[in-house]
Amino acid sequence: MNYLVTGASGHLGHQIVEHLIPKLQKDDHLFGLVHRPRPADNIEYRPADFMDLDSLKRAFQKVNVLVYIPSKTYVTADRLQELKNVITAARDQHVDAIVAMSFIADQANNPFVMAPFYHQMPDLLAQSGLNYVILKDALYADPLVPYLPELIDRQAIIYPVGDQKMAFIAIDDCAEAFATAATNPTIRSSRQTYTLSQETAYTMPELAAIMSKVTGQTIGYQPVTTQEFGQIYAEDGDGDELASMYAGGAMGLLSTVTNDFEFITGRKPIDMENFLKANYH
């Protein structure tokens with residue numbers, strides 16, 4: 001079997017590669033799709049550009065299983081064209097199955113700027129004639145760790161989601177689920193959608209209480225407005241986009257919890273308290 005992971009140098013893609021390597025059989029091969037290939041152990045990098053169909057066709061040659069991690073662009077039209085190119089190239093090269101990454105903010109009424117892309121992904125894949133499985137990630141817990149010092153200084157979480165809950169998942173858990181799905185013929189060809197989350201979603205006071213317990217500092221909940229949130233993080237380059245995501249959270253659209261992770265991997269995901277304890281120093 002030949003496996004290819006797009007975005008193989010990114011946070012999720014790199015960890016998927018790390019989980020895939022020990023699952024490979026003797027004659028299996030693992031490839032990573034990147035803009036600029038670099039030498040690496042156990043993996044061969046192939047150059048390609050999502051917007052260059054011919055480069056994707058070359059990269060997908062002799063690939064059996066494609067793990068598709070979308071690019072980070074916030075331009076919906078570009079992401080949709082990217083996915084269409086991936087599908088076209090996969091059909092052209094007779095890829096057996098696609099394991100596609102999606103996100104829980106995919107509802108038709110979700111104000112998140114990328115919701116239209118995630119909302120259309122199932123339709124585009126269903127119409128492709130390809131075998132596939134979609135894994136929808138909850139919010140990543142990992143960014144909360146470097147965010148904790150700021151929250152300690154503020155003495156409060158400021159997410160503008162009101163009394164609504166949000167669901168999280170550790171990136172490493174996501175990566176394990178992707179690697180397991182990719183190497184499981186039944187799951188990767190199921191044409192189903194699974195949602196990867198911890199077992200519990202949290203209101204912001206509940207999350208703040210966990211953070212306070214782990215850090216030994218007082219962290220409460222003092223939400224700002226969506227507009228204020230976008231302005232606070234405007235210098236990071238994605239303040240408005242994140243604000244639109246939390247606007248969906250305020251509608252209860254980031255709270256989906258399932259046992260799909262356990263179904264795929266056979267174990268429970270790490271919960272928020274133990275995740276923060278393991279990673280906060």
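R46 sits over the face of F31, 3.8 Å from the ring centre. A charge is counted as over a ring if NZ of Lys or CZ of Arg is within 6 Å of the ring centre and within 35 degrees of the ring normal. This is a predicted model, in which local features need pLDDT of at least 70, side-chain atom pairs count only at pLDDT 80 or more, and totals for chains, interfaces and linings use all residues. Residues are numbered from 1 along each chain as its sequence is written, and side-chain values use heavy atoms, with hydrogens and water left out.

Rings also meet other rings. Over the whole structure, the search finds eleven aromatic pairs. Rings of Phe, Tyr and Trp (its six-membered ring) pair if their centres lie within 6.5 Å; planes under 30 degrees apart count as stacked, over 60 as edge-to-face and the rest as tilted. For Y147 and Y233 the ring centres are 6.3 Å apart and the planes are at 70 degrees, so this pair is edge-to-face. Y147 lies in helix α5 and Y233 in the loop between α9 (226–232) and α10 (239–249), so the pair ties together parts 86 residues apart in sequence. Helices (H or I, at least four residues) and strands (E, at least two) are DSSP runs, numbered from the N terminus. Y147 is buried at a relative accessible area of 11%, and Y233 is buried at 10%. Here buried means under 20% relative accessible area, exposed over 50%, and partly exposed in between (1.4 Å probe, protein chains only).

Y194 and F263 form a stacked pair, with 5.7 Å from centre to centre and 25 degrees between the planes. Y194 belongs to strand β10 (residues 193–196) and F263 to helix α11 (residues 260–265), so the pair links parts 69 residues apart in sequence. Y194 counts as buried at 14% relative accessibility, whereas F263 counts as exposed at 52%.

Y147 is also a member of an aromatic cluster with Y159, F229, Y233 and Y246. Its helix, α5 (residues 144–154), has L144, V145, Y147, L148, L151 and I152 as its buried residues. Seen down the axis of α5, these fall within an arc of 150 degrees, so they line one face of the helix; the arc is that of the directions from the helix axis to the C-beta atoms. An α-helix has 3.6 residues a turn, so residues three or four places apart point the same way. On the other side of α5, P146 and D153 are exposed. The cover over the buried residues of α5 includes β8 (156–157), β9 (168–169), α8 (204–215) and α12 (272–279). Contact means heavy atoms within 4.5 Å.

Most residues other than glycine have a negative phi. K62, in the loop between α2 (53–59) and β4 (65–68), has a positive phi near 60 degrees. H94, in the loop between α3 (76–92) and β5 (97–103), has a positive phi of about 60 degrees. K62 counts as exposed at 70% relative accessibility, and H94 is exposed at 64%.

Two other histidines remain. Leaving aside residues up to four places away in sequence, H19 touches D172, A175, E176 and A179. H281, in the segment after α12, counts as exposed at 81% relative accessibility.
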